[in-house]
Amino acid sequence: MGLTSIFYPYGIILQAIAIFHFIRRRPDTYWLWIIIFGGGIGALVYIVVEVVPDAGLLRGTFRMFPRRSRIKQLQAMIEDNPAPANLEELGALYLEDGKPDKAKQCFDRAIASRADSIDTFYRRGLAEVALNDFADAVPDLELTVSKDFKYDFYRAAGLLAHSYAQTGQTEKAQTMFDRVTNASTATEIQYYYVAFLVAQGRKQEAQEWTQRIQAKKRTMPGFQKRRDRPWFRKVSGLAVSK
């Protein structure tokens, strides 16, 4: 009895799981051929190498239900006690839940009550960036970066540079990108910089940065590569040819 017959019909199930994960996460293309032509064995290899390590990244999915339960609790609490701390927590949960519009409303109310928390301004800036409201994001991120340039591992500074670029403040964007790309190697920030260079017609520099990102990808630990996979795809999607 061959391995293929041992795996049947479970091999088909394993292939379905592997293909579903491949579509969602888009790892290297060669894995698709391993899944298709390797049958159940190829799918099992893919699951061990790619799906199992990804479980840590999917932890947020399993926290969805308790998060939404907490959202409902906070909504009820805020009706009686709209304390800034409750509004801030609810806004942060809305951000995690992919609802930046509701998050911004919470942060607006929290700031109106107590405008002394750098994290609240930063998170409102995150919500505004998610809403493509870069004009409003700039002052919130400027305040954050002015108090702590390293905030959230330099992500605040990277988003400020991106927001400057999106609002036509080219010189400020360049200055901020220079500072933050010298301090951080985060792929998200590097993607924003490549997009900025492409928008400015600086294709040669954009291509050099793209090559740098691709070289970094080859030497990255697996868990970091999986975490940054969406940003690698976005970099690859930019028109950076000479």
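A residue is called exposed here when its relative accessible area is over 50%, buried when that value is under 20%, and partly exposed in between. The model is a predicted one, and every value below is computed from it. By that rule Ile 23 counts as exposed, because its relative accessible area is 52%. Ile 23 has its place in helix 2, and it belongs to a nonpolar surface patch of about 730 Å² that is made by Ile 19, Ile 23, Tyr 30, Trp 33, Ile 34, Ile 36 and Phe 37. Two helices, helix 2 (10-25) and helix 3 (30-37), each supply at least two residues of this patch, and the largest share, 5 residues, comes from helix 3.

Phe 223 lies in helix 15, which covers residues 222-227, and with a relative accessible area of 52% it is exposed. Although Phe 223 and Glu 50 are 173 residues apart along the chain, their C-alpha atoms are separated by 9.6 Å.

From the surface we turn to the interior. In soluble globular proteins, nonpolar side chains tend to be buried together. The largest nonpolar core of this model has 37 residues, and among these Met 176 and Phe 177 touch the most other members. Two or more residues are given to this core by each of helix 9 (118-130), helix 10 (134-147), helix 11 (155-166), helix 12 (170-183), helix 13, helix 14 (203-219) and helix 16 (229-237). Helix 13 provides the largest share of the core, 8 residues.

The aromatic rings can be followed next, and the count of aromatic pairs comes to 9. In one of them, Phe 149 and Tyr 154 have ring centres 5.8 Å apart and planes at 70 degrees, and the pair is therefore edge-to-face, since an angle over 60 degrees is what that term requires. Both partners fall under the 20% cut-off for burial: Phe 149 is buried with a relative accessible area of 18%, and Tyr 154 is buried with a relative accessible area of 18%. Tyr 193 and Phe 196, in contrast, form a stacked pair, with 6.2 Å from centre to centre and 20 degrees between the planes. These two residues both lie in helix 13 (residues 187-199), where they are 3 residues apart, about one turn of the helix, and both are buried.

Two arginines are placed over aromatic rings. The charged end of Arg 179 sits over the ring of Phe 149, at 3.9 Å from its centre, while Arg 212 lies over the face of Trp 209, at 3.9 Å from the ring centre.

What remains is the pairing of opposite charges. Side chains of opposite charge can pair when their charged atoms come close. How many salt bridges does the structure hold? There are 14 of them. One joins Glu 96 to Arg 67, with the closest N and O atoms 3.9 Å apart. Glu 96 lies in helix 7 (residues 84-96) and Arg 67 in helix 6 (residues 64-80), so this bridge ties together parts that are 29 residues apart in sequence. Arg 67 is buried, because its relative accessible area is 10%.

Another salt bridge brings together the side chains of Lys 99 and Asp 97, at 3.5 Å from N to O. Lys 99 counts as partly exposed at 30% relative accessibility, whereas Asp 97 is buried, with a relative accessible area of 12%. A salt bridge between Asp 108 and Arg 124 has an N to O distance of 2.8 Å, and this pair links distant parts of the chain, as Asp 108 is in helix 8 (residues 100-113) and Arg 124 in helix 9, 16 residues apart. Here Asp 108 is partly exposed, with a relative accessible area of 28%, and Arg 124 is buried, with a relative accessible area of 15%. Finally, salt bridges that share partners join Arg 67, Arg 68, Glu 96, Asp 97 and Lys 99 into one network.

Terms used:
Residues numbered from 1 in each chain as written. Predicted model: local features only at pLDDT ≥ 70, side-chain atom pairs only at ≥ 80, totals over all residues. Heavy atoms only, no water. Patch = residues over 30% accessible without salt bridge, like charges linked within 9 Å, V, L, I, M, F, W, Y side chains within 5 Å. Areas by Shrake-Rupley, 256 points an atom, 1.4 Å probe, with all protein chains shown as cover. Salt bridge = Lys/Arg side-chain N within 4 Å of Asp/Glu carboxyl O. Helix = DSSP H or I, 4+ residues; strand = E, 2+ residues; numbered from the N terminus. Buried < 20%, exposed > 50% of the residue type's maximum accessible area, 1.4 Å probe, protein only. Phe/Tyr/Trp six-rings, centres within 6.5 Å; stacked < 30°, edge-to-face > 60°. Lys NZ or Arg CZ within 6 Å of the ring centre and 35° of its normal. Core = buried A, V, L, I, M, F, W, Y, C linked by side-chain atoms within 4.5 Å.
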